[in-house]
2 protein chains.
Amino acid sequence: MTGTLFVIGTGPGNPHQMTPEALAAVSQSTEFYGYGPYLDRLNLRSDQRRQASDNREELDRASAALRAAAAGASVCVVSGGDPGVFAMAAAVCEAIDNGPQEWRAVDLIVLPGITAMLAVAARVGAPLGHDFCAISLSDNLKPWNIIENRLLMVARAGFVIALYNPISKARPWQLGRAFDLLRAELPAATPVIFGRAAGRADECITVQRLADADAATADMATCVIIGSPETKVISRDGKPDLVYTPRSIAEGKR
Amino acid sequence: MTGTLFVIGTGPGNPHQMTPEALAAVSQSTEFYGYGPYLDRLNLRSDQRRQASDNREELDRASAALRAAAAGASVCVVSGGDPGVFAMAAAVCEAIDNGPQEWRAVDLIVLPGITAMLAVAARVGAPLGHDFCAISLSDNLKPWNIIENRLLMVARAGFVIALYNPISKARPWQLGRAFDLLRAELPAATPVIFGRAAGRADECITVQRLADADAATADMATCVIIGSPETKVISRDGKPDLVYTPRSIAEGKR
């Protein structure tokens, strides 16, 4: 008898940004797999079992969760943000693709969540108001030359750029290098938003100009949003600036 | 005395995908501005007033909402999905940018929601599992040549592509033209996901191959996700195929 595998997202960490359907999946599950700090966001009952693991062990975690679900358990794999954006849903699919036939029979239910770029964008206005892209800056999982090419192509094409996994102890220079590349393509005044813990008590959101953007502002939990040439800043007396990308582009622009 | 302006998203329409903080904003507001079908998703009390308008009147609606908030009301502007993705948050910021000084004093609170591409992606697996972009296919708000250039650049750079506003009565040919362009750049077997009403009772999700993708499958409420050359399909006995984009790209790829 096969079980159920929920793959959920907690959102960025504010419990009021977690959807009711994700909370219902938590309530129905008995085995929980995830990075420890994400599991800590759930209020589990004493009959619910935690299997916390490191944040670089996604495929092992996905396989362990699939084994438990294939054996009949009600299993919940927990991501931060949205499970489909640089998170566990792809790892679970990869494990199914390369795993035993019985894992394909597991009842797999992926439930969406608020991903970091949406939460960060909301706190400053509407920087993702027109065409945008999301890029993981981690070169653990793809060669750096692909990342550079993608950054250049989307900057030249006028996309707003959201960067996930911008920096870590093992990847200290990549974000600075990305800013250098983008400074050659985009206006000096292009807004760069550093968003950490959006919507949480320890939220920290700062906006810099691309010309002066300092990679040291980010840590591994930061989402960085770089405007397009259309992105604008509105100053307000006694309130933080608003950053938004207009919905329209006039004729004659690239 | 200035009031408050919430800008919220309902998610794709399943009430269990609306966040508790968005529901709390609804509860605190007395004046509601939005496209009628989105306002219909809320269970308003008899003391709460609806100001429904057509979905092409975003700027007028934003201005009306700002006038009410500047006069002291508790106002809620309602988008489907996430208010920051091709939706009302940018229209409100545009109105503030071009409006009277007093609109900058309004307490503006944008609250994120589940945007269509995340809800659609979750229903088929993890097609947004690696770098992706979101493009509005509407040439009401930008010239068509910019859209064509963006499609080509991101397809060549290996992004998964989510298309919003793919088709309407006034824009009947654009999605077919986009598929034609992409067929010249991407493998014939690239999965194309048509997602309508994801998570709702009337949900309709279909997956086609790019070679055979039929634009007539979409309507104005459909989000279309086009895979990258990395995107894979997993077949399962008695269950729908899974579509996912692996988290990693091997050395040697573009």
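**View 1. Here is where chain B meets chain A in this predicted model.** The contact draws 76 residues from chain B and 76 residues from chain A. Together the two chains bury about 6,500 Å², and 61% of that area lies on carbon and sulfur atoms.

**View 2. Let us turn to the charged and polar pairs between chain B and chain A.** How many salt bridges are there between chain B and chain A? The count is 12. One to zoom in on joins Arg150(A) to Asp131(B), with the closest N and O atoms 2.7 Å apart. Polar contacts were searched for as well, and 28 residue pairs turn up across the interface of chain B and chain A, both residues being at pLDDT 80 or more. Sorted by class, the side of chain B that touches chain A has 42 nonpolar, 16 polar and 18 charged residues.

**View 3. A strand from chain A pairs with a strand from chain B.** The partners are strand β7 of chain A, residues 132-136, and strand β7 of chain B, also residues 132-136. They run in the antiparallel sense, and three bridges link them. Which residue in β7(B) is the bridge partner of Cys133(A)? Have a look at Cys133(B), which takes that place.

**View 4. Within chain A, the focus moves to domain 1 and domain 2.** Domain 1 covers residues 4-110, while domain 2 covers residues 116-244. Their C-alpha centres lie 28 Å apart. Where the domains of chain A touch, eight residues of domain 1 are in contact with 10 residues of domain 2.

View 5. About 700 Å² is buried between domain 1 of chain A and domain 2 of chain A, with 63% of it on carbon and sulfur atoms. On the side of domain 1 of chain A that touches domain 2, you will find three nonpolar, four polar and one charged residues. What is the count of salt bridges between domain 1 of chain A and domain 2 of chain A? It is zero. Polar contacts, on the other hand, number two residue pairs between these domains of chain A, both at pLDDT 80 or more.

How values were computed
Residues numbered from 1 in each chain as written. Chains lettered and ligands numbered in written order. Predicted model: local features only at pLDDT ≥ 70, side-chain atom pairs only at ≥ 80, totals over all residues. Heavy atoms only, no water. Domains from an automatic or database assignment. Contact = heavy atoms within 4.5 Å. Buried area = accessible area lost by both parts, 1.4 Å probe. Salt bridge = Lys/Arg side-chain N within 4 Å of Asp/Glu carboxyl O. Polar contact = N/O pair within 3.5 Å; in protein donor to acceptor, adjacent residues only side chain to side chain. Nonpolar A, V, L, I, M, F, W, Y, C, P; charged D, E, K, R; others polar. Pairing = 2+ DSSP bridges. Helix = DSSP H or I, 4+ residues; strand = E, 2+ residues; numbered from the N terminus.
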